[in-house]
Amino acid sequence: MRFAGGHHLAALLLAAACSSAPVVPARDVAPKGALRVAIGVGPAASPFWATRDSATAEVRGVTVALGKAAAARLGVPLKLVVYQNSGEITAAAAQDAWDISFMPQDAEREKFVDVGPAYVVYEGS
């Protein structure tokens, strides 16, 4: 998860989780005025993938809900930035196209984005 200006998602998530914690200034997280949340939209919902409703074209899923909660906590509008895969999200990290995202964590992505605490953990084999 990346923040513009090198800020860490950990600060936002901790502030959101702890009502007594100081609130991270919105300008530090969303310097453009709206929280730009990069999400991947795929054919099936998962903890990392949103889906698009075929009737309304509305995007929904775990990452959309997390983005809405973060924007509400910051008191700024939400702007979803839609990508087809997490590789596109990672590649756009250096282009200032988004402020935060929720994606699988691995050593390669950590070269491009700051990583915060996990919101889901599972094992695969």
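Where in the protein chain is confidence lowest, and where is it highest? This is a predicted model, and its confidence is lowest in helix α1 (residues 9-17), with a mean pLDDT of 42, and highest in strand β4 (residues 78-83), at 96.

**Confidence**
- Across the protein chain, pLDDT averages 76, and 64% of the residues score at least 70.
- Over residues 1-21, pLDDT stays under 50, although the model has 54 contacts beyond four places in sequence for them.

**Around Arg-36**
- Arg-36 sits in strand β1 (residues 35-41) and is buried, at 9% relative accessible area.
- Setting aside neighbours within four places in sequence, Arg-36 has contacts that include Lys-79, Val-81, Trp-98 and Ile-100.

**Salt bridges**
- The whole structure has 4 salt bridges.
- Lys-32, Arg-36, Asp-96 and Asp-99 are linked in a salt-bridge network.
- Lys-32 and Asp-96 pair up at 3.2 Å, N to O; Lys-32 is in the loop between α2 (26-29) and β1, and Asp-96 is in the loop between α4 (86-92) and β5 (100-101), so this pair ties together parts 64 residues apart in sequence.
- Asp-96 also meets Arg-36, at 3.0 Å, N to O, so the loop between α4 and β5 is tied to strand β1, with the parts 60 residues apart in sequence.
- Lys-32 is exposed at 55% relative accessible area, while Asp-96 is partly exposed at 34%.
- Arg-60 and Asp-53 form a salt bridge at 3.0 Å, N to O; Arg-60 is partly exposed at 40%, whereas Asp-53 counts as buried at 19%.

Note on methods:
Residues numbered from 1 in each chain as written. Predicted model: local features only at pLDDT ≥ 70, side-chain atom pairs only at ≥ 80, totals over all residues. Heavy atoms only, no water. pLDDT = per-residue confidence, 0-100. Helix = DSSP H or I, 4+ residues; strand = E, 2+ residues; numbered from the N terminus. Contact = heavy atoms within 4.5 Å. Buried < 20%, exposed > 50% of the residue type's maximum accessible area, 1.4 Å probe, protein only. Salt bridge = Lys/Arg side-chain N within 4 Å of Asp/Glu carboxyl O.
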